[in-house]
Amino acid sequence: MSRYTPSEIEPKWQTEWDAAGVFTAKVDPSKPKFYVLEMFPYPSGRIHMGHVRNYTMGDVVARTKLAQGFSVLHPMGWDAFGMPAENAAMEQGGHPGTWTYNNIDVMRGQMKPLGLSIDWSREFATCDPEYYGQQQAMFIDMLEAGLVYRKNAVVNWDPVDMTVLANEQVENGRGWRSGALVERRELTQWFFKISDYSDELLSALDGLKDWPEKVRLMQANWIGKSQGLQFSFETVNAPAGFEQIEVYTTRPDTLWGASFAAIAAEHPLAKALEAQNPEIAAFIAECRKGGTTAEEIETAEKVGFDTGLRVRHPLDPSIELPVWIANFILMDYGTGAIFGCPAHDQRDFEFATKYGLSIPPVFVAEGAEEALLSEPFVPAKSERVRYVRNVAGAEVKTGEQGILDAIALAEEKGFGKGVTKFRLRDWGLSRQRYWGCPIPVVHCAACGVVPEKKENLPIELPKDVSFDQPGNPLDRHPTWRDCACPSCGAPARRETDTMDTFVDSSWYYARFTAPRATTPTDLAEADYWMNVDQYIGGIEHAILHLLYSRFFARAMHKTGHLPAKAIEPFNALFTQGMVTHEIYLTRDANGRPIYHLPEDIIRSETGATLKDGSPVELIPSAKMSKSKKNVVDPMNIIASYGADTARWFVMSDSPPERDVEWTAAGADATFKHLNRVWNLSVKVAEMDEGTAGAGDKDLAKAVARATEDVTRAIEGFAFNKGIAALYGLTNAIAKAEASAPAMRQALRDLAKLMSPFTPHLSESIWAAQGGEGLCAIAAWPKADPALLVDDEVTLPIQINGKRRGEITVPKDMPASEVEKIALANEDVVRFLNGQPVKKLIVVPGRIVNVVI
RNA sequence: GCGGGUGUGGCGGAAUUGGCAGACGCACCGGAUUUAGGUUCCGGCGCCGCAAGGCGUGGGGGUUCAAGUCCCUCCACCCGCACCA
């Protein structure tokens, strides 16, 4: 043992961990359990630094909990369905499955050298038939429980790729891959009834105390609960069947401010009028066209068309309001119809101004007089205002109270009722893609839509497919669609839609508790391991993945696949920052950027140049991306410095929730430090037994202090502070003048405290210093409380709040004694210069402040 | 526009939540060791100042014996949502 050689020790310890099975999760009722989960990766083909950071964070938690006596579950799998595999098949030929499993093999091979404490025996990919077959079983249960249904929905249709696109796959109105103009099509689609749980998913957010406030807020906004009044306008001259128009408003207190009614272009009434009136038809066609590109939406002018119809004001039937079709009314929000109150709504104001509609005010600021409005007056609902055209109740009150009064009046008079609406819509899960979980239903001419029999699951994807033409290969497969109706046995056809990949990731955390079960879950296992105690992942999943998972856990409970305690599957959530890196660029003759790889750059204090000396522009702290060439490959780092250096560095520099900047200097410094620790260990191992132990007590105190600090830092997800404490401890040990046994004990403690971050190096030190067994499973050190307190404390002495001196006194010295010593201090005497002391503050153990 | 967040040395960041601002690391400067070093070790390092001392946590104001931390106000940047009735 002389030189620190990660390439030797890292594989060696990994082999020993595997042989001892130290990371195999075992149900042990005698121990508390701890389930650590990082969001599983998409098998893109290579791991990146973001993975290293994400999985190291989880590993630090998992290893610490293991050492603290928990039975730990720390699994890994692959979010393996999805479009990139199909795109690869289209571009390079081959089968998406081959591409995916190859990538998984490569990435697993890249992850294992990181030395993560993962129970690899539980690994699965969502594209394994064993996994998606169980997903199909649950789908059938959920269908029978009324949690899944079919309906017509407007979707983004890519006419070239012949598939539905998610909203985020539409860029400037064009398909992100094909570049074709996306059409709005109405298709029959499968939906999860997540809206049944809108209220529940919202109110349960309050219980997620260990989730970031930001994520809870984003989810709350996404669910978008609003309280309002639904009522109907009586129409005056509308076509038959449209005697009433249902309207929803969150501001019924402004009913007297109504100057028009407006309906969406897709509203049934608009469709009815379209048939009779070519001008209306033209206007509606115009509405449908517009509004797909970002610019158009930004600059879209509010346009409308007066239908000539009239409705009666519910509070005074003698007042008639015009009905407009307007492009800013959304059919799928509320009822697709509104009343316009231009005085107190920005949009309505713009609209009314443009078309010369009246703008009657309803309220004014408390204490103000009624005045002509040159702009809409839109105070917060919580603000008190004076109603000049009051619906009901007191004249001066908050908007909130006004709304309640208005709803009460409407209900009393019987023209409307208070309702709660949600922005959250049902989750459309149909995808016209091949590489996804087939929806296990059958279309039968006689029986209609019938769920497949469970004994026929999994409904596997056919292997003999080609991607040489657009569209869904399942649709054009010669035989795959043909099947017998599970109900009547007659020839029938399979559903060819597959499931959104968000379904796959909505329950994998539950599957990890019993990954080989022949049912979706094993309730006994789920009961022991659920919930996930610490979930770690990117903020980009704040809404969809996490909300879908919360819904799915509830749906799984309802269908008997999860215990009640697991309906909120993630007890604590942590969202980590990215790993960033500088971008280096030069410009071509046209000023266009040319990016350069980090290894082609020579850095100096003043800036950076290429190897030929030409200057390079620096863009600091940018997200790593291949196109910008600012990517650092973890495998290169592991090859030159070892996994422990990569792990330590990504945890050391920044708080984990923030982005961390990868720098070559930082990685170098980490490697040097780990070498220092190694060399220190070598030195201590060779120490003479007879070394005097004058510094034993001080060393023990330093170890106790670090134990406390590191433990608290890890528990508080402040890994950077934990690492700072470990630097401190290393320095303290290096300087200590302690006996050999004390030094060895200190190094074993250091190794243990470092082990969540640098598990391989720690094992080597542990072994060199006579530690028993594997460091990975040795107990976490506990700080002796007696060593955490000093007998003496140094108190700064301030005069008028400025530090002028300090005294060292026994810890428990009474304040009166401290006062005397402080006033006798020579610095204090000098600064006081005989002036009388007005006030003397002694904060025990902290500070003394003399006021003159 | 609405909502949320951040702002501390040359840089990444600490500060037990009102009690010595700048822990720890990087960079930089000095010294020693080494055949050499982009090695290792020792020391220095907020700014101004020879010093005494003064100033200093985005700007301004306030509360307090004491403010990075609490209150008011302004500014800058970042993120999320956005015609949501």
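## Contacts with the RNA

A phosphate oxygen of RNA strand B is 3.3 Å from an N or O atom in the side chain of Arg-423. That is a polar contact, meaning a pair of N or O atoms within 3.5 Å; within protein, one must be able to donate a hydrogen and the other to accept it, and residues adjacent in sequence count only if both atoms are side-chain atoms. The model is predicted: local features need pLDDT of at least 70, side-chain atom pairs need 80 or more, and totals for chains, interfaces and linings use all residues. Residues are numbered from 1 along each chain as its sequence is written, chains are lettered from A and ligands numbered from 1 in the order written, and side-chain values use heavy atoms, without hydrogens or water.

The bases are contacted too. A backbone N or O atom of Leu-330 lies 2.3 Å from a base nitrogen of RNA strand B.

## The surface near the RNA

How many residues surround RNA strand B? There are 43, and the closest are Thr-249, Thr-250, Leu-330, Arg-347 and Lys-721. A residue is near the strand if one of its heavy atoms lies within 4 Å of it. Of the RNA atoms within 4 Å of the protein, 61% belong to sugar or phosphate and the rest to bases.

Helix H22 gives the largest share, five residues.

## Helix H21

Helices (H or I, at least four residues) and strands (E, at least two) are DSSP runs, numbered from the N terminus. H21 has 20 residues, 696-715. At 1.5 Å a residue, H21 should span 28 Å, and its end C-alpha atoms are 28 Å apart, which agrees. The expected span is 1.5 Å times one less than the number of residues.

Among the buried residues of H21 are Leu-699, Val-703 and Val-710. Buried means under 20% relative accessible area, exposed over 50%, partly exposed in between (1.4 Å probe, protein chains only). Their cover includes helices H2, H22, H23 and H25.

## Val-441

Val-441 lies in strand S20. Val-441 counts as buried because its relative accessibility is 1%. Gln-136 is 305 residues away in sequence but 9.2 Å away in space, C-alpha to C-alpha.

Methods. Contact means heavy atoms within 4.5 Å.
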